[in-house]
Amino acid sequence: MMNIALSGHGRMGRVVEDIINESDDLSLAGVRSEDCSGTFGEIEGKPDVIIDYSHPDYLADMLDYATANEVALVIATTGHTDAQQRQIRAAAEKVPVVYSANYSLGINIMEKILRDITPILEDSFDMEVVEKHHNQKLDAPSGTARMLVRAMDPEGKYEHVEGRSGMAKRGKEIGVSAIRGGNITGEHTAIYAGEDEIVEIRHIAGSRKIFAFGSIKAAEFAVGKSAGLYNMDDVLFGK
């Protein structure tokens, strides 16, 4: 029985909670509320892992609790600053941390496909990423879009142009466009545009359950692992 604590109780946190409550193999240790009021020290008992769908502002308390109590972490919140990412890496020296911009299994397969095909196409195709999300999403472009761009450009050879505007000739770049509207759960498209042919790799999220199931899979991976910083590539393909 894996004992899970939740950080954040918004839409994603509630979906994860529902899955936990419906499972015979999972239990809910406690929840830090939607606005992340309270502390993890108020949770009764010790969780095996914390799944975080909250806000970057609430990172420090969670890292302090996890490292002090040797609790594994699955961080699904996006929009962390460079300084916060350094804090996450420091925490991963003490406890296992799975950190990913997207926990959908399909998105992570898409990321692997982009890593494989970009070296073949990049010399003769222009590359763009377009992402769409609901009107309540705060960060833009999405962390997932940036993750896909990194998969396409792991060595940083291209300029990453976010939200293109004005008059400028295209250079050695990957453009990233963000759309916000309605209740779009999430859509990401990588576009390779060449002479007389276009290749598109697209992922459409039908519901938030795909992210919740992926984060629980990551939690199962993290519990019992040695300290270290892991991602969904490790979860799906091993490390």
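Colleague: What volume does the second largest pocket have?
Modeller: Bear in mind that this is a predicted model. The second largest pocket is lined by 24 residues. As for its volume, that comes to about 620 Å³.

Colleague: Which residues of that lining lie nearest the centre of the second largest pocket?
Modeller: Take the 24 residues that line this pocket and look towards its centre. The ones nearest there are Y99, S100, A101, M147 and R150.

Colleague: And which element gives the most to the lining of the second largest pocket?
Modeller: The elements with two or more residues in that lining are α3 (82-91), α4 (105-121), α5, β11 (228-230) and α7 (232-237). With five residues, the top contributor is α5.

Colleague: How many residues in the lining of the second largest pocket are charged?
Modeller: Sort that lining by type and you get seven nonpolar and nine polar residues. The charged ones number eight.

Colleague: OK, on to the largest pocket: how much space lies in it?
Modeller: The largest pocket has 34 residues lining it, and the closest to its centre are M12, Y53, S54, H134 and K137. The space inside is about 950 Å³.

Colleague: Which element gives the most to the lining of the largest pocket?
Modeller: Two elements, α1 (11-22) and α5 (143-152), each supply at least two residues there. The one that gives the most, with three residues, is α1.

Colleague: How many residues of the largest pocket's lining are polar?
Modeller: Ten residues of that lining are nonpolar and five are charged. The polar count is 19.

Conventions:
Residues numbered from 1 in each chain as written. Predicted model: local features only at pLDDT ≥ 70, side-chain atom pairs only at ≥ 80, totals over all residues. Heavy atoms only, no water. 1 Å grid on protein atoms, 1.4 Å probe; cavity = no way out; pocket = protein on both sides within 12 Å on 5 of 7 lines; lining within 4 Å. Points joined across faces, edges and corners; volume = space filled by probe spheres on them. Helix = DSSP H or I, 4+ residues; strand = E, 2+ residues; numbered from the N terminus. Nonpolar A, V, L, I, M, F, W, Y, C, P; charged D, E, K, R; others polar.
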